[in-house]
Each structure stands twice: as structure tokens, then as C-alpha cells.
Amino acid sequence: MKKTALITGASCGIGYEFAKIFAKNKINVVLVARSKDKLERIKSELEKEYGISAYVYPKDLLADNSAKELFNQLKTDGITVDYLVNNAGFGDNHAYTETEWKTHEDMVKLNVLSLMELCHLFGKEMCERKYGKILNVSSLAAFTGGPYMSVYYATKAFVLSFSEGIAEEFRKSGVTVTCLCPGPTESNFGTVSDFGKSNAFKYLGVAKAKSVAEKGYKAMMRGKSLVYHGFNVKSMAFLTRFSPRSLNTKVSAFMDKH
Ligand SMILES: NC(=O)c1ccc[n+]([C@@H]2O[C@H](COP(=O)([O-])OP(=O)(O)OC[C@H]3O[C@@H](n4cnc5c(N)ncnc54)[C@H](OP(=O)(O)O)[C@@H]3O)[C@@H](O)[C@H]2O)c1
């Protein structure tokens, strides 16, 4: 019987590439995002191209109880999730006090709370079943403070710390948790977050979403707990261990400027 992967933020960017990779590997996919039309188009494309089943669950993960509703709907529909990819997320590249409070609040809700709740719901089920794999998308931003993107960096630091914690907890149940840390990547993120013209995009090199998703998929299947995408990203993350935190934050301030 085919296995099933649930991917949040599957309507474009890295999430769409994840959906294609699972489908190519003959794994059914549950596609979650707000844009129903885009998800329906992706469903047709993947079913036709790869002969798998794709299920569309349009959801705003900022809405109250959305994670629980999604979990319950899948139960009612008899769909068991073997692989969970928590990919939906957004950033905002502006000064902290100049950004609307609602934007900060929504970012924490989507990047942190929704991811946490999906790990709680599906992780519990996976641990009871003694099978499952989770991949949480963090970022190079996880390793330093991030002036002009402070909340985003903090959410990604949370994702990294949280993922490493539950990876160790779940290990004894045979469930793996992988944290993927990409750097600047071609997707809608640059526009949505206003980060696309930043020095990070200019100087670190911009990865293809497909290549980022491939790296994440391989690491997830191997059960690795942490994976970076690309030499620059890995080197930057490594260097933050040896340089003073105040210097790391200054470097990030430069990277976040445009
Ligand atoms: N691109 C980069 O440079 C970069 C670097 C490091 C980490 N990341 C991380 O990679 C992940 C994927 O981002 P991306 O680069 O692929 O960006 P993207 O192209 O903007 O994709 C974001 C996805 O999240 C979905 N989404 C946004 N708000 C949502 C909500 N309220 N409810 C449900 N789904 C929602 C979007 O779909 P709808 O609009 O249809 O809802 C879309 O499918 C994010 O967690 C991001 O932080 C990106």
C-alpha cells in the first residue's frame, strides 16, 4: 500500500517541490495551503504525471482550531499520514516597531504554533504506531538574532530547538524528526517578506526551491535530525558557533539590509 505525505504550504515554492518529489517516489500527498485553485491544479498535475493520489485540503493555518480540524478531517476521510512536512511560513523584513502587531502575531501563529500543534497531533499518532517521519522547515535565520526581521529569525530558532528536542523524544518510538535549514531560495518568500532585495539574497546566492526540497527529502528519509542546504549556508551556520553572538547579529543586520 502506498504511503502518504502531508505537506503544508504546498501551493508554491519549496512546498510544491516537496509535493512533486513525494509523488515521483510514489507516495500519495495531502496538499495544504489557502489557495484552493492552485492546490487543485497541482493535484491534477501530480496524479496525471505520477499515478499517485493527491488530496486537496484548503486551510488557513492561522484560523483558530485549523490544525485540529485538519487532523480530524483526515481521520474521517480514512487518510493516515506517514510523513509530515511543516513547510508553510512567512517572514517580514522591516523594523520591529514599524511592522503591524498583527503581522508579528500571525507569523508566530503560523511559523511556530501551527507547526507545534501539527507535530503534537500527528507526532502522537506516529509514536503510537511506531512509524512516521516529520520534517520541519527552519532557516539559516535560526542561528542568530535578526535585526529588521527579528520575529522571523526567532520563530526559526524556535523551530530548530523544538525539532531537535522532539527528535530525541520520538527516537525510541522509531519516529524521526528532521529540521531543514535553507538559505535564500527562489520562491514567493522574497516578495511576501520583502526580503528578496536584501544583501542575503545578493551575496549568499539564491538556491532553487527544487534543490532545497530534494535535500530535505533525502535527509528526512535517512532520519537525519538537521540538514542545511548548500555550502554557504552550512559554513555560515558553522561559523556562528565560534564568533561572538553580538558579531553574528551585526552580520545578520547587514544581510537583512536592502
Ligand atoms: N525562500 C527562502 O528564501 C526561505 C529561506 C529559508 C527558509 N524558508 C522557509 O521555507 C518555507 C517555505 O517558504 P517558501 O520559500 O516556499 O515561500 P512561499 O513561496 O511564499 O510559500 C509559502 C507557502 O506557505 C503557504 N501559506 C502561507 N500562509 C499560510 C496560511 N496562513 N495557511 C496555510 N498556508 C499558508 C502558502 O500558500 P497560500 O498562500 O496558498 O496559503 C505557500 O504555499 C517557509 O517556512 C519559509 O520560512 C524560505
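This is a predicted model: local features need pLDDT of at least 70, side-chain atom pairs count only at pLDDT 80 or more; totals for chains, interfaces and linings use all residues.
I sorted the residues of the shell around the ligand first: 15 are nonpolar, 13 polar and 4 charged. My classes: Ala, Val, Leu, Ile, Met, Phe, Trp, Tyr, Cys and Pro are nonpolar, Asp, Glu, Lys and Arg charged, and the others, Gly among them, polar. I number residues from 1 along each chain as its sequence is written.

Next, who comes nearest? Of the 32 residues around the ligand, I found G9, G13, R34, S35 and G89 nearest (near: C-beta, placed from the backbone, within 6 Å). Helix 1 (13-24) and helix 6 (189-192) each give at least two residues to that shell, and helix 1 gives the most, with 3. Helices here are DSSP runs of H or I, at least four residues, and strands are E runs of at least two, numbered from the N terminus.

Then strand 5 (residues 132-137). Because 6 of its 6 residues are buried, strand 5 is largely enclosed by the rest of the structure (buried: 20 or more other C-beta atoms, placed from the backbone, within 10 Å of its own). I see G132, I134 and N136 on one side, K133, L135 and V137 on the other.

Neighbours of strand 5: strand 4 (residues 83-86) runs parallel to it, joined by 4 bridges. L84 sits opposite I134. Strand 6 (residues 175-181) is also parallel to strand 5, with 6 bridges, and L135 has T178 as its bridge partner there.

Methods:
A residue is buried if 20 or more other C-beta atoms lie within 10 Å of its own, exposed if 12 or fewer, and partly exposed in between; C-beta atoms are placed from the backbone. Two strands pair if DSSP finds at least two bridges between them.
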